[in-house]
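Take a look at this predicted model. Some questions and answers come with it.

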Amino acid sequence: DVYKRQVQINAPELVHAPEDPRSLDLLCGFLTLSPLFTSRQLYQLLEKLSIKQRARLALKYFQKYEEQFLEQWETLEQQANLPMDPSQAKKQVQSMYNFLKKQQQDYTGQSNKSPFIDKIKDNMQGKIFPEEILKMIEEEISRIEELAEHHPDYNTSRNFLELITSLPFGVDTQDNFDIEHAKRILDEDHYGLEEVKERILEFIAVAKLKGSLKGKTLLLVGPPGVGKTSIGSSIARCLGRKYGRISLGGEHDVAVLKGHRKTYLGSYPGKIIQTLKTCESENPVILLDEIDKIGRSLRGSLQDALLEILDPQQNHKFIDNFLDTPIDLSKVLFICSANLTETIHPPVLDRMEVITLSGYTKDEKWQIFEKYLLPRSYNNSAVSYTH
């Protein structure tokens, strides 16, 4: 009777199945997914090759669980003296619920979630979360405490909590607006490009007067091999910021930048959120490489997603599909690179300050080889270099 009652609760569609060995095998296979079993009991069930022995052992576990539950319920009935005041009665019922929940966790092993929840709370230390995101995290923690580990939504909630608490909310680096320092780094990393260096120094000087870099986006345009990508990393060094790079050449799916929704199997966040997590800073320098080679698809335009990221009127509430909550990107300095401007969406181009890099003369190429490439090759080969 206990066995049939458990089947009615957990698998009502199997109640009227004929009592033959094949049906008994199906019932035993389903009941091993019951949250009433501990991991050790599941191993013992799987060790029983005989279907009848497995069914007897499952019945034994069910009877043991019901005996423990009845004993606990009798104890609660003796202790419970519900008052007539509805507010007091509600508190008493809540305390009974919490007690039963704890007993079930102790029996089923669900209390093993506490190390994960402690890890999530450790990730939140030293960060300043917006009120909306903090409320969402608390709701997800409460939800994951209710879910069994084999529930389909358990891993989704776990991945969401791990990601959102690892983002650098309230964690940033101090900007260095020293013009002499910036000039020294640019000269160390690049030969020539005097006009480009002057534009970058002017850009840093204006930011120094303004006190911040909010709302600024640079576009480095030039032929391949002139140093667009390396200039992006040099600007990050000048400002003392963390540096991240995202290559967009040939990409056409909006999910590359905005991620997939949590409801999809194998979903993941976009590269913007992944770069923020990697940089561990709220104000890094992010290079969007080769934005002139972005493709188009039927699932949306990646150029439109770029507009949301680069527009200072929109990027303070950027929404990644995986997180589904506004993320502030206004502190990020975006630097884009392209070979041509003709293939860039005009609304996107209007929101960037264009810096053009021309090619090198033959003499400049020789100087670059002699002063930069040759010493670097000697150094990489562990051979001393004398000029």
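Q: Which residues touch the most other members of the largest nonpolar core?
A: This core has 49 residues. Its largest share, six residues, comes from helix H14 (residues 302-310). The members that touch the most others are Leu-288 and Ile-291.

Q: Are the planes of Phe-129 and Phe-169 stacked, edge-to-face or tilted?
A: The ring centres lie 5.1 Å apart. Stacked needs planes under 30 degrees apart, and edge-to-face needs over 60. These planes stand at 40°, so the pair is tilted.

Q: How many residues apart are Phe-129 and Phe-169?
A: Phe-129 sits in the loop between helix H6 (114-123) and helix H7 (131-146). Phe-169 sits in the loop between helix H8 (154-166) and helix H9 (179-189). The pair thus links distant parts of the chain, 40 residues apart.

Q: Is Phe-169 buried or exposed?
A: Buried means under 20% relative accessible area. Phe-169 has 6%, so Phe-169 is buried.

Q: What separates Trp-366 and Phe-369 along their helix?
A: These two form a tilted aromatic pair, 5.5 Å centre to centre. Both belong to helix H16 (residues 362-380). They are three residues apart, so the separation is about one helical turn.

Q: Which residue lies over the face of Phe-160?
A: Look 4.2 Å from the ring centre of Phe-160. The residue there is Lys-262.

Definitions and conventions
Residues numbered from 1 in each chain as written. Predicted model: local features only at pLDDT ≥ 70, side-chain atom pairs only at ≥ 80, totals over all residues. Heavy atoms only, no water. Core = buried A, V, L, I, M, F, W, Y, C linked by side-chain atoms within 4.5 Å. Buried < 20%, exposed > 50% of the residue type's maximum accessible area, 1.4 Å probe, protein only. Helix = DSSP H or I, 4+ residues; strand = E, 2+ residues; numbered from the N terminus. Phe/Tyr/Trp six-rings, centres within 6.5 Å; stacked < 30°, edge-to-face > 60°. Lys NZ or Arg CZ within 6 Å of the ring centre and 35° of its normal.
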